[in-house]
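Trainee: Could you show me how to read a protein model, one feature at a time? I would like the general idea and then the case at hand.

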Amino acid sequence: MTKPPALVPAPWEQRLADLQRANAWQLDGRAAVAVGTQGWQASLNWRQHGAATELHLAGPLGVGALVLKATPEGLSLNGAPPSDAVLAQLQDKLGFELPFDDLRYWLLGIPDPGTAFAMARNAQDRAQQLTQAGWTVDYDRYLPVNGDLLPARVVLSREGVRVRIAVDHWAMDH
């Protein structure tokens with residue numbers, strides 16, 4: 001009997017192209033946020049379907065349940081029609097400006113292709129630290145998913161704000 005070949009993850013450049021095109025995926029996890037001396041925790045569910053993104057945050061500490069939807073028509077919060085005021089409302093609720101557009105890529109462990117970035121990779125040829133859009137994104141741990149490695153723990157930080165995201169479950173549709 002021959003042993004199955006060991007999993008050799010695809011090289012960075014190939015994965016980067018694949019993941020930038022990935023448009024059907026979801027993750028379930030938890031977020032812990034510290035803004036100055038304030039902090040809160042929430043469960044976090046992200047659903048990506050083509051150009052449509054849905055983010056559910058549900059937390060005990062004054063955040064309540066929050067559903068953010070992004071479509072080509074714009075951003076909407078908790079089922080209201082899309083509006084330009086959503087990011088400001090969100091910042092008000094969360095206590096900081098959520099880098100929503102970038103986050104879609106950062107959660108996958110890649111930079112947003114639309115803006116300049118600096119990145120260091122780990123021994124597995126995955127992102128270890130990414131600096132983009134004024135944020136530093138650290139990847140502490142990865143999970144095996146469909147023959148690849150996707151982030152299991154992501155820490156976003158910028159002046160006065162720290163967001164830790166722990167991923168419990170990934171689902172990728174190919």
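Mentor: Gladly! Let us begin with a loop residue: A133 sits in the loop between β7 and β8 (135-145). Helices (H or I, at least four residues) and strands (E, at least two) are DSSP runs, numbered from the N terminus. Please keep in mind that this is a predicted model, where local features need pLDDT of at least 70 and side-chain atom pairs count only at pLDDT 80 or more, while totals for chains, interfaces and linings use all residues. Residues are numbered from 1 along each chain as its sequence is written, and side-chain values use heavy atoms, with hydrogens and water left out.

Trainee: What is the phi of A133?

Mentor: Most residues other than glycine have a negative phi. A133 is not a glycine, yet its phi is positive, at about 55°.

Trainee: Is A133 buried or exposed, or partly exposed?

Mentor: Buried means under 20% relative accessible area, exposed over 50%, and partly exposed in between (1.4 Å probe, protein chains only). A133 counts as partly exposed because its relative accessibility is 40%.

Trainee: Which other residue has a positive phi although it is not a glycine?

Mentor: Look at N78, with a positive phi of about 50°. N78 belongs to the loop between β5 (74-77) and α2 (86-94), and with 43% relative accessibility N78 is partly exposed.

Trainee: Now back to the strand β7. Where is Q132 found?

Mentor: Q132 is part of strand β7, which covers residues 127-132. Its relative accessible area is 1%, so Q132 is buried.

Trainee: Which side chain makes a polar contact with the side chain of Q132?

Mentor: A polar contact is a pair of N or O atoms within 3.5 Å; within protein, one must be able to donate a hydrogen and the other to accept it, and residues adjacent in sequence count only if both atoms are side-chain atoms. Here the partner is the side chain of W106, at 2.8 Å.

Trainee: Which residues does Q132 touch?

Mentor: Contact means heavy atoms within 4.5 Å. Leaving out residues up to four places away in sequence, Q132 touches W106, P111, D112, T115, A116 and F117.

Trainee: How many residues apart in sequence are W170 and A24?

Mentor: They are 146 residues apart in sequence, while their C-alpha atoms are 11 Å apart in space. Across the protein chain, 40% of the contacts between residues at least 6 apart in sequence join residues at least 24 apart.

Trainee: How many helices and strands does the protein chain have?

Mentor: There are 3 helices and 10 strands, in the order α-β-β-β-β-β-α-α-β-β-β-β-β. The radius of gyration, taken over C-alpha atoms, is compared with the globule rule, 2.2 Å times the number of residues to the power 0.38. The chain has a radius of gyration of 17 Å, close to the 16 Å that this rule gives for 174 residues, so the chain is as compact as a globular protein of that length. Finally, buried residues make up 43% of the 174 residues.
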